Amino acid sequence: RNNNGNELRKTIIVPYKTAAGDISWKAIFGNGYNSTGQKATLFVVDVATGTTSTIVASETPALPYNGLGNVSVVDTKRRNAANDAWIDGRDGFADVAYAADQNGAVWKFDLLGNSVGLGGVPLFIARDASGTRRQAITGGITAATGPGGGVMLYFGTGSFVFTGDPLDTSVQTMYGVMDRGVAVAGRAALQQQTVGADAGGFRATTNNALGGGKTGWYLDLLA
């Protein structure tokens, strides 16, 4: 109960398959904000039995206030021909979840191992141009197939749920971040995009190609 926020986030119901071939439906959701434990927690609930498991995502040192927002679930693994190992591919069953927290960390969850992916560290942490101010991620997160078979995640920063949010004029950002199996080291690893000048009520954005070694892009919005 300490991990339950005041408002649980949007629930996704997906099919799930174990290594032994057992199939079930799981309801997956983030714990939301203002929980007693103040942790970013993913809930995985068996729809038929009600059995619940939780996966807690935490940085070192742990931040004092946190909660997990909306979730995106994808299929990236399948069993090999000998059925003795998971390999890259798709079998129609959920095996990875992505979610972001109120401190701007984007987390990858291994549903097959019931653990935080990437060795327990965030895939990405959203920070503004100064590199010091974290950007809360309280909206949705969308996953799509990216170049080379990776997963591309699309999300924006900002919040309107906490005290002081109506007065916050800090710059917020749209991101497209690629999961290639390793953590993405901030803005330096992303291609910058920009918003152009007002032209008759419209503003064009750049469409800069990803440079060498870039694993996504970012676009600062006008404050």
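Analyst: The model is a predicted one. A pocket here is an open set of grid points where a 1.4 Å probe fits, with protein on both sides within 12 Å along at least five of seven lines. A volume is the space filled by probe spheres set on the points.

User: What is the volume of the largest pocket, and which residues are the closest to its centre?

Analyst: The volume of the largest pocket is about 540 Å³. Its lining consists of 25 residues, and those closest to the centre are Thr76, Lys77, Asp88, Lys108 and Val151.

User: Which strands each supply at least two residues of that lining, and how many residues of the lining are charged?

Analyst: The strands that each supply at least two lining residues are S7 (86-88), S8 (96-101), S9 (105-110) and S12 (141-145). By class, the lining of the largest pocket holds 9 nonpolar and 7 polar residues, and the number of charged residues is 9.

User: What are the edge strands of the open sheet formed by 4 strands?

Analyst: The sheet has the order S1-S2-S3-S4, with antiparallel pairing. On average, its neighbouring strands are turned by 30° against each other, direction ignored. An edge strand pairs on one side only, and this holds for S1 (12-17) and S4 (52-57).

User: Which residue in S2 stands opposite Pro15?

Analyst: Strand S2 covers residues 23-30 and runs antiparallel to S1, to which 6 bridges join it. The residue in S2 that stands opposite Pro15 is Trp25.

User: How many helices and how many strands does the chain have?

Analyst: The secondary structure was assigned over the whole chain, with strands taken as runs of at least two residues and helices as runs of at least four. The count is 0 helices and 16 strands.

User: Why does the radius of gyration of the chain agree with that of a compact globule?

Analyst: The C-alpha trace spans about 60 × 40 × 35 Å along its principal axes. Buried residues, those under 20% relative accessible area, make up 43% of the 223 residues. A compact globule with 223 residues would have a radius of gyration near 17 Å, so there is agreement with the value for the chain, 18 Å.

Note on methods: Residues are numbered from 1 along each chain as its sequence is written. This is a predicted model: local features need pLDDT of at least 70, side-chain atom pairs count only at pLDDT 80 or more; totals for chains, interfaces and linings use all residues. Side-chain values use heavy atoms; hydrogens and water are left out. Two strands pair if DSSP finds at least two bridges between them. Axes are lines fitted to C-alpha atoms, for helices over the stretch in contact, and angles run from 0 to 180 degrees between N-to-C directions. On a 1 Å grid over the protein atoms alone, a cavity is a set of points where a 1.4 Å probe fits but cannot get out, and a pocket is an open set with protein on both sides within 12 Å along at least five of seven lines; lining residues have an atom within 4 Å of a point. Ala, Val, Leu, Ile, Met, Phe, Trp, Tyr, Cys and Pro count as nonpolar, Asp, Glu, Lys and Arg as charged, and the others, Gly among them, as polar. The radius of gyration is taken over C-alpha atoms; the globule rule is 2.2 Å times the number of residues to the power 0.38. Buried means under 20% relative accessible area, exposed over 50%, partly exposed in between (1.4 Å probe, protein chains only).
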